[in-house]
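This report goes through one protein chain, feature by feature. Please look at the sequence and the model below before reading on.

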Amino acid sequence: MWRSVCSDSSVRSPAAAMRMKEEELDSKDAIILHQFSRPKTGAPSLSPFCLKMETYLRMVDLPYQNYFDGKLSPQGKMPWIEYNQEQVCGTEFIIDFLEERLGVSLNESLTPQEKAVSRAITKMVEEHFYWTIAYCQWVDNLEETQKMLSVSGPLSDLLKWILSHLTGGIIRREMYGHGIGRFSKEEVYALMEKDMRTLSTLLGDKKYLMGSKLSAVDAAVFSHLAPAMWTLPGTRPEQLIKGELINLAMYCDRIRRRFWPEWFVDLGDFCYTDATEPSERSSRLPDLGLYSRTDTTQGDTRTSPSHAPRRPPSPDSDPTGHSLYDSDMDTECSDGDQLKC
């Protein structure tokens, strides 16, 4: 099961916090993940690419340190990583970098043809489907998205309004430059629905996109479907994923339960009807620091472990907490390791 260990930086002086940050950056083999702050509800990140990168790191079981400092990469993008004083930007380049330097890969068992299909799916999701969800999130449902932004202080409401509208304006301009923003609202949603139906057909009744085992494409598809599942209540993408395309919902829940045990979502959200009132979803994700699925190295006394609380059993889950919607979710693990996966 996932473990998170961190120090409470709120009790340190700014100078001490900066010294610790520099020590972490100077430490050998430390993966520093720069990404946007956690939103208040719904998902670990409102950015599909930040969620993709963090989910990938969990899938390949690499410890990493989150920095929610808002610092963009030299290319002006987010997320990005620092590793042994090297900076890498762009999720595709980061994954290539980690595979080369650390020898980790989710695609080793794929055939050349499967790797080609995997890349084609990833590009459809990241270069086309992304824009339709961004439109739904930052243009068509801007007020709801604004409520999820994590901003503190006496002027937090004003700052959230400014930030959300700036982001919405940027999305509009980028969509227009891409070309998809030149279509009507109905046409944008039609394109979104085609992509979702394509993903549903490709997934079918398989456990993951490429079969029974995870591959890198699953991190990308999961992170881009997450807004439809958890941050866009009452919208067309939520209606589709929790209704007609229920296999995508089970797919998302399968990955969430395995790699995000601290991300709590009510299984009742799977039941969608037009009369359902949007309920407030609380992810209760703390801004934890270092994440690792495995025990820390012996002798490492910098931080103390803190286990994520287990979700109590519900009518929709068995005593292990596994979803009854997906009875085979851990079939690739051995019996002794099932609770760890």
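## Backbone in the loops

Asp-61 is placed in the loop between helix H2 (48-59) and strand S3; helices (H or I, at least four residues) and strands (E, at least two) are DSSP runs, numbered from the N terminus. Although Asp-61 is not a glycine, its phi is positive, at about 60°. Asp-61 counts as partly exposed because its relative accessibility is 27%; buried means under 20% relative accessible area, exposed over 50%, and partly exposed in between, with a 1.4 Å probe and protein chains only. The model is predicted: local features need pLDDT of at least 70, side-chain atom pairs count only at pLDDT 80 or more, and totals for chains, interfaces and linings use all residues. Residues are numbered from 1 along each chain as its sequence is written, and side-chain values use heavy atoms, with hydrogens and water left out.

Gln-85, in the loop between S4 and strand S5 (86-89), is also a residue other than glycine with a positive phi, near 70°. Its relative accessible area is 55%, so Gln-85 is exposed. Pro-79 sits in the loop between strand S3 (64-67) and strand S4 (80-83). The peptide bond that joins Met-78 and Pro-79 is cis, with omega about 5°.

Gly-42 belongs to the loop between strand S2 (31-34) and H2. With a relative accessible area of 5%, Gly-42 is buried. Which C-alpha atom is separated from that of Gly-42 by 5.0 Å, although the residues are 188 apart along the chain? The residue is Trp-230, which counts as buried at 3% relative accessibility.

Helix H4 covers residues 112-140, which makes 29 residues. The expected span of a helix is 1.5 Å times one less than its number of residues, so H4 should span 42 Å; its end C-alpha atoms are 40 Å apart, which agrees. H4 also has a kink of about 45°, centred on Phe-129. The bend at a residue is the angle between axes fitted to the seven residues ending there and the seven starting there.

## Aromatic pairs

How many aromatic pairs are there? The count is eight, where rings of Phe, Tyr and Trp (its six-membered ring) pair if their centres lie within 6.5 Å; planes under 30 degrees apart count as stacked, over 60 as edge-to-face and the rest as tilted. Tyr-135 counts as buried at 15% relative accessibility, and Tyr-189 counts as buried at 12%.

Phe-222 and Trp-230 also pair edge-to-face, because their ring centres are 6.2 Å apart and their planes are at 65°. Phe-222 is buried, with a relative accessible area of 0%. Phe-222, Trp-230, Trp-260 and Trp-263 form one aromatic cluster.

## Salt bridges

The whole structure has 16 salt bridges, each a side-chain nitrogen of Lys or Arg within 4 Å of a carboxyl oxygen of Asp or Glu. In one of them, the closest N and O atoms of Glu-54 and Arg-38 are 2.9 Å apart. The partners come from distant parts of the chain: Glu-54 is in helix H2 and Arg-38 in the loop between S2 and H2, 16 residues apart. Both Glu-54 and Arg-38 are buried.

Arg-101 bridges to Glu-86, with the closest N and O atoms 2.5 Å apart. Arg-101 lies in helix H3 (residues 91-102) and Glu-86 in strand S5, so this pair ties together parts that are 15 residues apart in sequence. Arg-101 is partly exposed at 42% relative accessible area, and Glu-86 counts as partly exposed at 30%. Arg-197 forms a salt bridge with Glu-193, the closest N and O atoms being 2.9 Å apart. These two residues are four apart in helix H7, so about one helical turn separates them. Salt bridges that share partners also join Lys-52, Glu-92, Arg-119, Lys-123 and Glu-126 into one network.
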